[in-house]
Amino acid sequence: MSSVFAVTMAEFGFNKGHQNEAINYMRFARSKRAIRLKTIDSCFEDLKDSRLVDETFTVDEVRDMLDGLQLVVRGEVETELINTAHTNVLLLRQLFSQAEKFYLHLQTDISELENRELLEQVAEFEKTEFKNLNKTNQEISKPKLAPLNEGGGVSELLNKEISRLQEENDKLKGRLRTLETQAMGVLDEKTKAERALKDLHKVQGEQQMATRSQEITSLEDTVAALQEDYQKSLSVNAASQRDLQDNLVSAKHDLLRVQEQLALAEKELDRKFQQTSAYRNMKEILTKKNEQIKDIRKRLSKYESDE
């Protein structure tokens with residue numbers, strides 16, 4: 001263990017047992033990470049084996065392959081991140097449950113999870129710890145001569161069991177690759193179906209555009225016909241209006257002429273009436289009456305002054 005990490009663990013209040021628990025958790029996380037990385041590597045290998053069979057590819061084919069690979073890798077990474085988050089929640093649950101048994105109330109500081117200095121110390125500790133562990137495993141895995149005093153039956157059984165486990169592991173790997181190939185095929189079918197659906201939508205859109213274009217053309221023709229009718233009606237109305245104005249002017253002239261004739265007729269009637277004997281007698285009577293009225297008014301005024 002590195003001295004830097006040991007000092008940090010001591011500052012955190014970790015004893016030897018706590019350090020062992022931390023190492024076990026890192027070993028567990030490291031194994032899960034290695035499995036997930038192998039899965040991602042197998043995704044790329046399956047793509048190479050199943051799709052890269054031709055010498056040349058079109059842009060659409062390359063895009064389809066990359067899209068399918070992106071979906072698979074994204075799913076693997078997302079699954080691992082979700083599993084890691086859930087695993088951390090279970091670990092916290094264990095810690096909180098143990099603390100509650102001793103009536104302890106634990107609190108977490110989320111900001112410390114992004115402390116770069118502490119994260120670098122943990123990474124250095126993991127690197128050093130598992131480097132030493134790999135050396136130890138390599139030394140253990142070095143072939144050694146079997147002791148002469150050991151019976152051959154036990155070693156034979158162990159070798160058979162190892163062979164059986166290796167065969168099962170190979171079968172599981174082959175089954176995993178088959179499932180991944182099937183998944184890639186399903187993704188390819190999905191991509192083809194989506195492309196066909198897009199083409200169908202495109203064709204339907206073009207048909208709709210053609211129908212709308214025909215409708216617009218028909219509407220434009222209708223509007224043009226209406227405009228032509230409107231212009232014709234305006235021309236007819238203008239001609240009718242000019243005729244009405246001419247008729248009105250003519251009627252005004254006729255009216256003035258008739259009025260003038262009426263005025264002349266009235267003057268002629270007055271002149272003829274003044275020349276009749278009745279008119280002269282009536283005029284003499286009116287003159288005499290006016291003189292009598294003037295005489296009476298003079299007498300009345302004189303009478304009033306005498307009184």
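Which residues does Met184 touch, not counting residues up to four places away in sequence? Select Met184: the residues in contact (heavy atoms within 4.5 Å) are Leu47 and Val72.

Before going on, note that this is a predicted model, in which local features need pLDDT of at least 70, side-chain atom pairs count only at pLDDT 80 or more, and totals for chains, interfaces and linings use all residues. Residues are numbered from 1 along each chain as its sequence is written, and side-chain values use heavy atoms, with hydrogens and water left out.

**Stop 1: the core**

You now have the largest nonpolar core, with nine residues. Such a core is a set of buried Ala, Val, Leu, Ile, Met, Phe, Trp, Tyr and Cys residues joined through side-chain atoms within 4.5 Å. Buried means under 20% relative accessible area, exposed over 50%, and partly exposed in between (1.4 Å probe, protein chains only). Helix H2 (16-50), H3 and H5 each give at least two residues to this core. H3 has the largest share, with four.

**Stop 2: the whole chain**

Zoom out and color by secondary structure. The chain has six helices and zero strands; helices (H or I, at least four residues) and strands (E, at least two) are DSSP runs, numbered from the N terminus. Buried residues are 11% of the 307 in the chain. Of the contacts with a separation of 6 or more, 75% link residues 24 or more positions apart.

The chain exposes about 26,300 Å², and carbon and sulfur atoms supply 57% of that. The areas come from the Shrake-Rupley method with a 1.4 Å probe; for residues, only the protein chains shown count as cover.

**Stop 3**

Select Tyr103, in the loop between H3 and helix H4 (116-141). Tyr103 is not a glycine, yet its phi is positive, about 60°. Is Tyr103 buried or exposed? Tyr103 is exposed, at 79% relative accessible area.

Next, select Phe125 in helix H4. Phe125 is buried, with a relative accessible area of 1%.
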